[in-house]
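User: Could we go through this structure together? I would like to begin with the charged side chains.

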Amino acid sequence: MSNWIDYYRVLQVAYNAEPIVIESTYKRLCKIYHPDINRSPDAVRRMQEINAAYSVLGDARKRNAYYLEWVGHNRKTAGSSAKQEPKKPQGSPRAAQTSDSRQYSYKQGPKSDAEAADDVMTHYFLSLCAGQYRDAYYMLCSQDRNSIKFEAFEQWQRAVSEVYRIRSFKTRAPKAVEKSPISPKSMDKALRFVIEIVEENMFSRKTNRYSFTKVAVCEQQGWRVYLGYKDLAKVMEKFKTTHNPSAEKYTMPDLEGFCKRAEPECYRYKRHKRDFVLGVIRINILREGLGQVLTEKIIAQGGSVIAKSLRLIDSFAYIGNGFFAVLLSEARMNSAKSIIARLFRQTEQDVWKCFDSKISIHCELRQYEGGDIKRNVQACLNSLDK
């Protein structure tokens, strides 16, 4: 048993991890250590270990047999300090969904604080990826669980997953926190992790990379994740107003309403450097002698076609005299130009079918780089009106 390998540690999962968690972890590790991607000399050996671990833990029968070896090995290494033997996992273990927080202590032999805390942090995010919100909830510290009910936590995470899906993540080596963020003061062990996330916006289908910090704290039962939200309702409300495009797609506000809708985009730009493009569109009618009423109808029809063709996350407003303001969320100039070109073709064809009239459409776009939305729109308007 001198060459015995802990497959749970190789795959960075708990002994009672759900099959879907094991599978998702295996896929994530393959993307990191596969020799076609990772050129380090150690990549081949790591990939062989990962494949060997998954061939056992990914098979229910082999996993149950290996579990007996794992328990026996831990008894020998832990000696008399192993006071309690964990329950044997079933084919699709539901033990992970129990409220007994002792099942998340991750004491699988001698580990450093950083390794034990990283296990919990990794499993927390894997549980979120797999939609196992109860698993994730019981990895929170006792202070969080006392202030946040599971139903509220689950509702929050489901709301987030409807807009953003985590495609991959990575935890960086943690640093000690000088003062634990939770009480009582006896809980003085805390480690701060930097989490690197790759997520997909479910509306725009674009992926974004960003990083943030997350703290793990040590309690009597082991390491736990610290959220620190006292009022989750406020957090959810802020998320809905800044991330969830719940406004009706086809409404056409005025410039004031447009600026209000742009506030979440400005917030995301400042906080996460999420790009977006602002612009002004002008519709000119090439046919003369139509009269004011018909002219306004044609312009309104053209604006309506553009508004209905935009993505749910974009914004559009009529600012008068045939001019429209447009905001293309999570876009750079090249993609914005292709979107606008497509919209122009659709609008010209639709107006021709409805009114037997040709129109010309012009646009001035600019990449948002900060500043007041109204001033940016006015700058586009001035440039287009020259």
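User: What is the relative accessible area of Glu 23?
Analyst: Glu 23 has a relative accessible area of 33% and is partly exposed. Buried means under 20% relative accessible area, exposed over 50%, and partly exposed in between, with a 1.4 Å probe and protein chains only. This is a predicted model, in which local features need pLDDT of at least 70 and side-chain atom pairs count only at pLDDT 80 or more, while totals for chains, interfaces and linings use all residues. Residues are numbered from 1 along each chain as its sequence is written, and side-chain values use heavy atoms, with hydrogens and water left out.

User: Which residue forms a salt bridge with Glu 23?
Analyst: The partner is Lys 27, with the closest N and O atoms 3.2 Å apart. A salt bridge here is a side-chain nitrogen of Lys or Arg within 4 Å of a carboxyl oxygen of Asp or Glu. Lys 27 is partly exposed as well, at 45%.

User: And where do Lys 27 and Glu 23 lie?
Analyst: Both lie in helix α2 (residues 19–33), 4 residues apart, which is about one turn of the helix. Helices (H or I, at least four residues) and strands (E, at least two) are DSSP runs, numbered from the N terminus.

User: How many salt bridges are found in the whole structure?
Analyst: The search finds 12. One of them joins Arg 172 and Glu 196, at 2.3 Å from N to O. Arg 172 lies in the loop between β1 (164–171) and β2 (175–176) and Glu 196 in strand β3 (residues 190–201), so this pair ties together parts 24 residues apart in sequence. Arg 172 is partly exposed at 43%, and Glu 196 is partly exposed at 22%.

User: What about Glu 199: which residue is its salt-bridge partner?
Analyst: Glu 199 pairs with Arg 274, the closest N and O atoms being 2.9 Å apart. The two link distant parts of the chain, 75 residues apart: Glu 199 is in strand β3, and Arg 274 is in the loop between α10 (255–272) and β6 (276–285). Glu 199 is buried, at 5% relative accessible area, and Arg 274 is buried at 6%.

User: Switching to α10: where does it bend?
Analyst: Helix α10 bends by about 35° at Glu 263, and Pro 264 follows within four residues. The bend at a residue is the angle between axes fitted to the seven residues ending there and the seven starting there.

User: What span should α10 have, and how far apart are its ends?
Analyst: The 18 residues should span 26 Å at 1.5 Å a residue, and the end C-alpha atoms are 25 Å apart, which agrees. The expected span is 1.5 Å times one less than the number of residues.

User: Which residues of α10 are buried?
Analyst: Among them are Phe 258, Cys 259, Ala 262, Pro 264 and Tyr 269. Just after the helix, Lys 273 takes a positive phi of about 55°.

User: Now the sheet, please. In what order do the strands β6 to β9 stand?
Analyst: The 4 strands form an open sheet in the order β7-β8-β6-β9, with antiparallel pairing. Strands β7 and β9 (359–367) stand at the edges with a single partner strand each, so one side of each is left without a neighbour in the sheet. Two strands pair if DSSP finds at least two bridges between them.

User: How many bridges join β6 to β8, and how many pair β6 with β9?
Analyst: There are 7 bridges between β6 and β8, and 9 between β6 and β9. Phe 276 stands opposite Ser 329 in β8, while Val 277 stands opposite Gln 367 in β9. In β6, 8 of the 10 residues are buried, so the strand is largely enclosed by the rest of the structure.

User: And what lies between β7 and β8?
Analyst: These strands form a hairpin with 2 residues between them, and Asn 321 in the turn has a positive phi of about 55°. Strand β7 (residues 315–320) pairs with strand β8 (residues 323–329) in the antiparallel sense over 5 bridges. Ala 317 stands opposite Ala 325, and Tyr 318 opposite Phe 324.
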